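User: I'm new to this structure and would like a guided tour. Could you take me through it one feature at a time?

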Amino acid sequence: MEWVVVVSVLVMTILSLLRVNVIIAIIAAAIVAGLMSGMSVIESIDMLVSGMGGQASTALSYILLGAFAVAISYTGITTILVNFLINVLTGKKTMMLLVIAGVASLSQNVVPVHIAFIPILIPPLLKLFDDMKIDRRGVATALTFGLKAPYVMIPAGFGLIFHETIVNGMVENGAEISVTESALSMLIPGSGMIVGLLIAVFITYQKDRESIPGAGGGEVNFTAPVQEKVTFNLKHALTLVAILVTLLVQIFTGNLIAAALIGLTMMFLFLVVPFKNGDKVMTDGISMMGTIAFVMLVASGFGEILKQTGAVDALVEVSSGVLNDNQPLIALILLLVGLVVTIGIGSSFGTIPIIAALYVPICVAAGFSPMATAALIGTAGALGDAGSPASDSTLGPTSGLNADGKHHHIWDTCVPTFIHYNIPLFIFGWVAALVL
């Protein structure tokens, strides 16, 4: 039973590396996990479908945030940002990547649209990337940093949800800790991501690289959007008000769906977006985020199979059963387990409740402090989020960078982000578990 997680995740990873569609790869991995657990193919599929509801809230929030992002772009305020990037950063590769990482970071805490901004902001910049011969793998690593590092280290916006999930998982299993302590415990692992970003920007992706048509899986007829000159006006001011209210609602309620709905409603009430365009805004939002939302649903079904069959429990028990109180080795094994599980499920938020119930008793018995335990759980959950074919942190960047068919999801997003973020996260998370 303990090999179910490892084998099924390997199946998904290998199929993805062979350029099989990620949804098919996840379904195949889920069926393999079911068969290895003694279920039939039909039973495996039924459990996969029943488990898809676990990410229904996330999927709906992504679609609504997509519509909100479309409404924001309708006002032309994103055009101001794109024009700024083109005018100020043309010819400045390093600064371009750092600014993109910064803009992406704002999507987690300040303008809580998560990945929904990428298909709006990035496609207009693709021609500039090609003219500057920017390595799009560098752009992917910059975007993934911004989508992940802020919620790992900062307990606001999506970060508040992340750290509350850690705290709830620990409290439910007998370990007391606060959100502030959880966030402090993740500063060391998060610093590893900063190191990974700097290596990617200043070393790995400094060289010129030509983007090859069809590299993303097929030829795409793509015409870069024409960027008009836009001056700041009343509509943009009202848009900023709607964004601010959306942020406040998200912070105080912790509910992305409510925040996105209120943001959309304000855009229509302010007449920033004409009411007659409501259908088009929603349709474009679904078109932009629908595929990613569905991947998250299927990944949730896969996670349910791993959870219900006891495969994760068995893996942790076998991994930790022979370690006694050897803290360095226990931390190493728990992080490896987290890496494997999160790559399969594709969501750090969805992984933490599963692993917290398993990790807390082991960590308490081994003498880890609450902050060290939080660092292990948070790092184990975050590990694999970058690099996973099923993660929104990789699907989002690909959705923008492959708009013209020149960027491959696995080789140009997943593999680079895995190398630059999971390796330093693992090392710094292991250190945090031992020093906190």
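User: How do I read the confidence, and where is it lowest and highest?

Analyst: pLDDT is the predictor's confidence in each residue, from 0 to 100. Where it is low, the predicted coordinates should not be read in detail. The protein chain averages 81, and 88% of the residues score at least 70. Helix 16 (residues 311–320) has the lowest confidence, with a mean of 66, while helix 12 (residues 187–204) has the highest, at 93.

User: How many helices and strands does the protein chain have?

Analyst: There are 21 helices and zero strands. To see how the chain folds back on itself, look at contacts, meaning heavy atoms within 4.5 Å. Among contacts between residues at least 6 apart in sequence, 81% join residues at least 24 apart.

User: What share of the residues is buried?

Analyst: Buried means under 20% relative accessible area, exposed means over 50%, and partly exposed is in between (1.4 Å probe, protein chains only). Here buried residues make up 55% of the 436 in the protein chain.

User: Which residues touch the most other members of the largest nonpolar core?

Analyst: In soluble globular proteins, nonpolar side chains tend to be buried together. A nonpolar core is a set of buried Ala, Val, Leu, Ile, Met, Phe, Trp, Tyr and Cys residues joined through side-chain atoms within 4.5 Å. The largest one has 125 residues, and Ile26, Phe129, Leu143 and Phe368 touch the most other members. Helix 4 (residues 56–74) gives the most to this core, with 11 residues. Setting aside neighbours within four places in sequence, Phe368 is in contact with Gln327, Ile330, Ala331, Cys363, Thr373, Leu376 and Ala433.

User: Back to helix 5: which of its residues are buried?

Analyst: An α-helix has 3.6 residues a turn, so residues three or four places apart point the same way. In helix 5, the buried ones are Ile77, Thr79, Val82, Asn83, Leu85 and Leu89. Their cover includes helix 4, helix 6, helix 7 (118–121) and helix 13. You can check its length too: the expected span is 1.5 Å times one less than the number of residues. For the 13 residues of helix 5 (residues 77–89) that gives 18 Å, which agrees with the 18 Å between its end C-alpha atoms.

User: How many salt bridges are there?

Analyst: A salt bridge is a side-chain nitrogen of Lys or Arg within 4 Å of a carboxyl oxygen of Asp or Glu. By this rule there are nine. One of them joins Lys93 and Asp208, with the closest N and O atoms 2.2 Å apart. Lys93 lies in helix 6 (residues 93–109) and Asp208 in the loop between helix 12 and helix 13 (234–253), so the pair ties together parts that are 115 residues apart in sequence. Lys93 is buried, at 17% relative accessible area, whereas Asp208 is exposed, at 53%.

User: Which salt bridge does Asp135 form with an N to O distance of 2.7 Å?

Analyst: The one with Arg137. Asp135 also forms a salt bridge with Arg209, where the closest N and O atoms are 3.5 Å apart. Asp135 lies in the loop between helix 8 (126–131) and helix 9 (136–153), and Arg209 in the loop between helix 12 and helix 13, so this pair ties together parts 74 residues apart in sequence. Asp135 is buried, at 4% relative accessibility, and Arg209 is partly exposed, at 31%. Elsewhere, Asp130, Arg136, Asp404 and Lys406 are linked in a network of salt bridges.

User: Is Ser393 buried or exposed?

Analyst: Buried, at 1% relative accessibility. Ser393 sits in helix 20 (residues 392–401). Leaving out neighbours within four places in sequence, Ser393 is in contact with Thr144, Leu147, Lys148 and Asp385.

Key. Residues are numbered from 1 along each chain as its sequence is written. This is a predicted model: local features need pLDDT of at least 70, side-chain atom pairs count only at pLDDT 80 or more; totals for chains, interfaces and linings use all residues. Side-chain values use heavy atoms; hydrogens and water are left out. Helices (H or I, at least four residues) and strands (E, at least two) are DSSP runs, numbered from the N terminus.
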